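Visitor: I would like to learn how to read salt bridges in a model. Please take me through some cases.

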Amino acid sequence: MSTTQHLQDFVTQVRRDILRQVHQVNSGHPGGSLGCAEFFSILYQEVMEYSSDFDMDGKNEDLFFLSNGHISPVFYSVLSRSGFFPVEELKTFRKIDSRLQGHPTTHEGLPGVRIASGSLGQGMSVAIGAALTKKMNKDSHLIYSLHGDGELQEGQNWEAILYAGSKGVDNLIATIDYNKKQIDGATDDVLPLGDLKKKFEAFDWKVLELKEGNDIEAIKNTLAAAKSLTGKKQPVVILMETEMGNGVDFMMGTHAWHGKAPNDEQLETALAQNPETLGDY
């Protein structure tokens, strides 16, 4: 069980990793990565039962699937700092022959990555399939997944959401990064999602609303509540309201940093707001 101070230090270092990864290749997606730094950190440092001795079968452990794969910088940072591969490998992000591609893939054999998630909308189906496999294998561990809110504009999600609710897939906790922004602007301007809570409830899901999706204690409490609701004939979804670019003042409150790297001066400013805690790579 991690202390609150450890989690805070972990999150701050993850932010630094995200910023440095995208800066060094002038490419990547810092906005959503920063917005989910707290969620990933708590999931891997506090919540999930897993082995860093990675096995694709994932038997007798909780599994995580990242659907909105463009936020790979936060995923790679947390995986490395949770023992899946050396932290120093972060310096290869998006470089030729690197295992740390812009969107996670499996053919490079990077420990911790279970699916390729460059094409949006597919992660829900995969997570449900994994959850059903756990049931068939009489494995009581859980499936966790993360999805972007703009990603829900993809129709495949709703087929999968309908299936999971109808079939009572109750060993699944899906989280929506509900920052209400996507690459082209606000989701309400691009393609409004309407009342997500009512939509998921209509598909027979149990819905938890996390209004403070960048608050460590709030995330811990909500994930604990979600876990307590599993095994009750309904899948669980968390609508997690985050701030894109959280932790870097000039990246917050805008969609502009969805897929843009900071320049040298901007990097210096951003890192000054997130001092080194656990050691840079």
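**Reading the salt bridges**

Guide: Glu217 has a relative accessible area of 34%, so Glu217 is partly exposed. Keep in mind that this is a predicted model.

Visitor: Which side chain meets that of Glu217 in a salt bridge?

Guide: A salt bridge pairs a side-chain nitrogen of Lys or Arg with a carboxyl oxygen of Asp or Glu within 4 Å. Here the partner of Glu217 is Lys220, at 3.7 Å from N to O. The two residues sit three apart in helix H9, about one turn of the helix.

Visitor: Is Lys220 buried or exposed?

Guide: The cut-off for buried is under 20% relative accessible area. Lys220 counts as buried because its relative accessibility is 17%.

Visitor: How many salt bridges does the structure hold?

Guide: There are 14. One of them joins the side chains of Lys197 and Glu201, at 2.7 Å from N to O. Both residues belong to helix H8 (residues 196-202) and are four residues apart, again about one turn of the helix. Lys197 is partly exposed at 27% relative accessibility, and Glu201 is partly exposed at 38%.

Visitor: What does the salt bridge between Lys211 and Glu241 tie together?

Guide: Their side chains meet at 3.1 Å, N to O. Lys211 is in the loop between strand S6 (206-210) and helix H9 (216-228), while Glu241 is in the loop between strand S7 (236-240) and helix H10 (264-272), so the pair ties together parts 30 residues apart in sequence. Lys211 is exposed at 52%, whereas Glu241 is partly exposed at 22%.

Visitor: Which residues are linked with Lys211 and Glu241 in a network of salt bridges?

Guide: Lys180 and Glu209 belong to that network.

Key
Residues are numbered from 1 along each chain as its sequence is written. This is a predicted model: local features need pLDDT of at least 70, side-chain atom pairs count only at pLDDT 80 or more; totals for chains, interfaces and linings use all residues. Side-chain values use heavy atoms; hydrogens and water are left out. Buried means under 20% relative accessible area, exposed over 50%, partly exposed in between (1.4 Å probe, protein chains only).
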